[in-house]
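Hi everyone, thanks for making time. Have a look at the model on the screen, and I'll talk you through it.

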Protein chains: 2
Amino acid sequence: MWDVAEELKAMLVFAEHRYYGESLPFGDSSFKDSRHLNFLTSEQALADFAELIKHLKRTIPGAENQPVIAIGGSYGGMLAAWFRMKYPHMVVGALAASAPIWQFEDLVPCGVFMKIVTTDFRKSGPHCSESIRRSWDAINRLSSTGSGLQWLSEAFHLCSPLTSEDIQHLKDWISETWVNLAMVDYPYASNFLQPLPAWPIKVVCQYLKNPNVSDLLLLQNIFQALNVYYNYSGQAKCLNISETATGSLGTLGWSYQACTEVVMPFCTNGVDDMFEPHSWNLKELSDDCFQQWGVRPRPSWITTMYGGKNISSHTNIVFSNGELDPWSGGGVTKDITDTLVAVTISEGAHHLDLRAKNALDPTSVLLARSLEVRHMKNWIRDFYDSVGKQH
Amino acid sequence: MWDVAEELKAMLVFAEHRYYGESLPFGDSSFKDSRHLNFLTSEQALADFAELIKHLKRTIPGAENQPVIAIGGSYGGMLAAWFRMKYPHMVVGALAASAPIWQFEDLVPCGVFMKIVTTDFRKSGPHCSESIRRSWDAINRLSSTGSGLQWLSEAFHLCSPLTSEDIQHLKDWISETWVNLAMVDYPYASNFLQPLPAWPIKVVCQYLKNPNVSDLLLLQNIFQALNVYYNYSGQAKCLNISETATGSLGTLGWSYQACTEVVMPFCTNGVDDMFEPHSWNLKELSDDCFQQWGVRPRPSWITTMYGGKNISSHTNIVFSNGELDPWSGGGVTKDITDTLVAVTISEGAHHLDLRAKNALDPTSVLLARSLEVRHMKNWIRDFYDSVGKQH
């Protein structure tokens, strides 16, 4: 964005989403109960952006008659697309990078996400995904005895020793690590969720070449692999299974949103993916949400509000997706119309296109960025053309 | 609508707007305070319609894959247009009849509404608008004495005798009567706000041919004119200046909406219109609203939300307006694009086109209806074409 802003002589504005970072409408009480959380919805966030744009246009000299483009990645990309859909009078277009606007209800198969994660590992080293697939049963076998639990705690260098109740949590934590690696499988060293080397899954997979070994050896290899993600710096004294990312991405706010509007069905079957089979269970989610927040999810609302797959009457949205990114499974990866277009980045992970340019950028992301800029220029040109016609 | 539904083999659904009629979310407490009224917004009403359509499609056999068209008049017309703008995946198009979507902020001059009322009276009989213009000073002169007040109370057959504090209210009531007559100046006897004869303003103006008479005679004529509106049936024993329409149009709900989102600036200057000069006073409205509801209006919000004049990226909306209708001043009366079209009814008052067909319908409304149906058929055809392409 910094690079393109300069090329387009644009001002960049980063709007902080309400209930994230410092934008807490009720200060420390913002997450106290569902009454205080009532104002945390995507619709309210979009309305904030509308008010912000009006405010900036009113107060910044020269801004009044300038075209605006919405840009975002991930949930921010969903918001960018939705903003253009709901407030087309405010922005001439939107770049929705890695925006899984279809990861709702049954718009895409619930297994597609983990299938893409698995493909990333399968393609990043021989027997890599197979080693991971076999690791779950190895953990299950070891965790059935006290000595096994102790061995696991030590082998994984965990900060707290495992009890048998922790095993599901341990496996979830490991799964989320593989998922996160798939999201940040960038072609150069980076620090999005964790400091990581270039193509981190390839590095991880160097430890996972042989699935046909004993449980102990397999899990020692798994630890080496996890260590790439959690201890690339070499500074970590132990691994903490209650954390999967450094810094705060606003987990509280997201947990509430996932319990209300943003209900994304995920599932695994262990065949098309390398994970233990787990079906999508709305009832379980609903009960957990009720316990944590006193609310129950409305799984159909996002589709009702934003149209699901039926969005062809909108215009001027570029949906970009990296083929390595598991979120691409819920994204728009085929053109819908001439002005609702999909850009695919074959060597891209989660919104690689939004990152600053890098000498190691693959051709596919360079091409994507140049396509995106071409669309932006078209939107801006059309905007000035229509302004000209009015006078 | 009944006629067209039959032609299109359509189901007609009348959705009652929340906080109106029997749709009271908190029963008798719905209007108790601003906390209970918090859910009375146009956005929430649109969301209701979205949920209703989904519900009907899910539960009515054969409805699932049928195209839906939004239809409404007046505020309902605004909602129809806004619904197509915000939920284009739910309706293939909208007929927005007499929908003053631009009667906000400075999108149109605040005086246009009363100017159209005045034109209706000026064209409906010689010296008619001039008689009304002169009546205000006559009332002011008479009301300066006790005997004058008494005379006025008797001459107007008022249910309660006037005090000097009532005079502004009396004039507002008379003004609103002329406004209402302009809205329902239909070519045949009707009963929308009151039972009335055909072309009621012509009937009214028969009493207002001579402005050059004494105050007493002028005001006796004004009474005869008012009597056409309030006592066409001949049953009224007296006139009640706290009522301008029979039955309930939901004045409480509307008063709250006018104090929050639906802030419509009106003004008069006594030159371009036949009313006493009155400028638009947001401060006064805001204070009144705060006193009545504990809320203050947000005059820019509707424009922020629905785009004001910048709506050209939307499609498939017909805006119809009657030239006799004062609300046409805030309506869309020129085509915006090929699919955002204006239909003008030269002899039409407030959403005449939505009324059942009548032998006395002027050609202009017959033409309008046939245009509207042609657009509806196009939307439906395009819908089936696009469905066909997907399979």
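Before anything else, a word on how copies are compared: they are superposed by least squares on the C-alpha atoms of residues with pLDDT of at least 70 in both. With that, a rotation of 180° with 0.0 Å of shift along its axis puts chain B on chain A, at an RMSD of 0.0 Å. The two copies are thus related as by a two-fold rotation axis. Which C-alpha of chain B is nearest the axis? That of Lys86(B), 2.9 Å from it.

Some housekeeping. This is a predicted model, where local features need pLDDT of at least 70 and side-chain atom pairs count only at pLDDT 80 or more, while totals for chains, interfaces and linings use all residues. Residues are numbered from 1 along each chain as its sequence is written, chains are lettered from A and ligands numbered from 1 in the order in which they are written, and side-chain values use heavy atoms, with hydrogens and water left out.

Now, where the chains meet. Contact here means heavy atoms within 4.5 Å, and 23 residues of chain B touch 23 residues of chain A in that sense. The same surface serves both copies, since 100% of chain B's contact residues recur in chain A. For buried area, take the accessible area (1.4 Å probe) that two parts lose on being put together, summed over both. Chains B and A bury about 1,700 Å² between them, with 49% of it on carbon and sulfur atoms. Lys86(B) turns up again here: along with His89(B) and Thr304(B), Lys86(B) is among the residues of chain B that lose the most area to chain A, and the three together account for 33% of what that side buries.

What about charges? Side chains of opposite charge can pair when their charged atoms come close. We call it a salt bridge when a side-chain nitrogen of Lys or Arg is within 4 Å of a carboxyl oxygen of Asp or Glu. Over all chains the count is 22, and between chain B and chain A it is two. One pair to find on screen is Glu51(A) with Arg298(B), at 3.4 Å, N to O. Glu51(A) sits in helix α3 (residues 42-59) of chain A and Arg298(B) in the loop between α12 (282-293) and α13 (301-306) of chain B, so this pair joins two chains.

Let's move to the sheet in chain B. Helices (H or I, at least four residues) and strands (E, at least two) are DSSP runs, numbered from the N terminus, and two strands pair if DSSP finds at least two bridges between them. Four strands make an open, parallel sheet in the order β1-β2-β5-β6. β1 (69-73) and β6 (340-345) of chain B are at the edges with a single partner strand each, so one side of each has no neighbour in the sheet.

Going across, β1(B) and β2(B) pair over five bridges, and Ile71(B) stands opposite Leu95(B). β5(B), residues 317-322, pairs with β6(B) over six bridges, with Ser320(B) opposite Val343(B).

Chain A has an open parallel sheet of four strands too, in the order β1-β2-β5-β6. There, β2(A) and β5(A) pair over four bridges, and Ala94(A) faces Ile317(A). That's the tour, thanks!
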